[in-house]
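Okay, thanks everyone, I'll keep this short. Let me put the structure up, and then we'll walk through the strands and a couple of residues.

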Amino acid sequence: MTTDDVSGVNKDSQVSVSITEIDENGTPKIGLAGLAVYNVVPADGKVTVHWWVGWNSDLPIRLNYIVVN
């Protein structure tokens, strides 16, 4: 689970989040691990995301946010 500061978000914002694996240069890629976003909770100035990575070691990932007010 992650809580990130996101400018312009409030409790009534509609927030969509996707998750992607990234390579050593920060470029998105399709790897072999399963990735999922379970829950997204907006609050004033931040978004909490419950996410999962199905791999047996740490993988670099990126969460991508779309905010609609």
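Before I point at anything, one cut-off: buried means under 20% relative accessible area, exposed means over 50%, and partly exposed is whatever falls in between. Also, please keep in mind that this is a predicted model.

So let's start with Asn 64. Is Asn 64 buried, exposed or partly exposed? Its relative accessible area comes out at 28%, so Asn 64 counts as partly exposed. You'll find Asn 64 in strand β6, which covers residues 61-68.

Who does Asn 64 touch, if we skip residues up to four places away in sequence? The list is Ser 16, Val 17, Ser 18 and Thr 20. As a contrast, take Gly 34: Asn 64 and Gly 34 are 30 residues apart in sequence, and their C-alphas sit 17 Å apart in space.

Now the strand pairing around there. Strand β2, residues 14-22, pairs with β6 in the antiparallel sense, over 8 bridges. One example to look at is Ser 16, whose bridge partner in β6 is Ile 66.

Thr 20, one of the contacts of Asn 64, is in strand β2. With a relative accessible area of 15%, Thr 20 is buried, because the cut-off is under 20%. Again leaving out neighbours within four places, Thr 20 is in contact with Pro 28, Lys 29, Leu 35, Pro 60, Ile 61, Arg 62 and Asn 64.

β2 has another partner to show you. It is joined to strand β3, residues 28-29, by 2 bridges, and those two run antiparallel. There, Ile 22 stands opposite Pro 28 in β3. The hairpin of β2 and β3 has 5 residues between the strands, and in it Gly 26 takes a positive phi near 85 degrees.

Okay, on to the open sheet. It's built from 3 strands in the order β1-β5-β4, with antiparallel pairing. Which strands stand at the edges? That would be β1 (2-5) and β4 (34-43); each has a single partner strand, so one side of each is left without a neighbour in the sheet. On average, neighbouring strands of this sheet are turned by 25 degrees against each other, ignoring direction.

Let me zoom in on one pair here. β4 and strand β5, residues 46-54, run antiparallel and are joined by 9 bridges.

Notes: Residues are numbered from 1 along each chain as its sequence is written. This is a predicted model: local features need pLDDT of at least 70, side-chain atom pairs count only at pLDDT 80 or more; totals for chains, interfaces and linings use all residues. Side-chain values use heavy atoms; hydrogens and water are left out. Helices (H or I, at least four residues) and strands (E, at least two) are DSSP runs, numbered from the N terminus. Buried means under 20% relative accessible area, exposed over 50%, partly exposed in between (1.4 Å probe, protein chains only). Contact means heavy atoms within 4.5 Å. Two strands pair if DSSP finds at least two bridges between them. Axes are lines fitted to C-alpha atoms, for helices over the stretch in contact, and angles run from 0 to 180 degrees between N-to-C directions.
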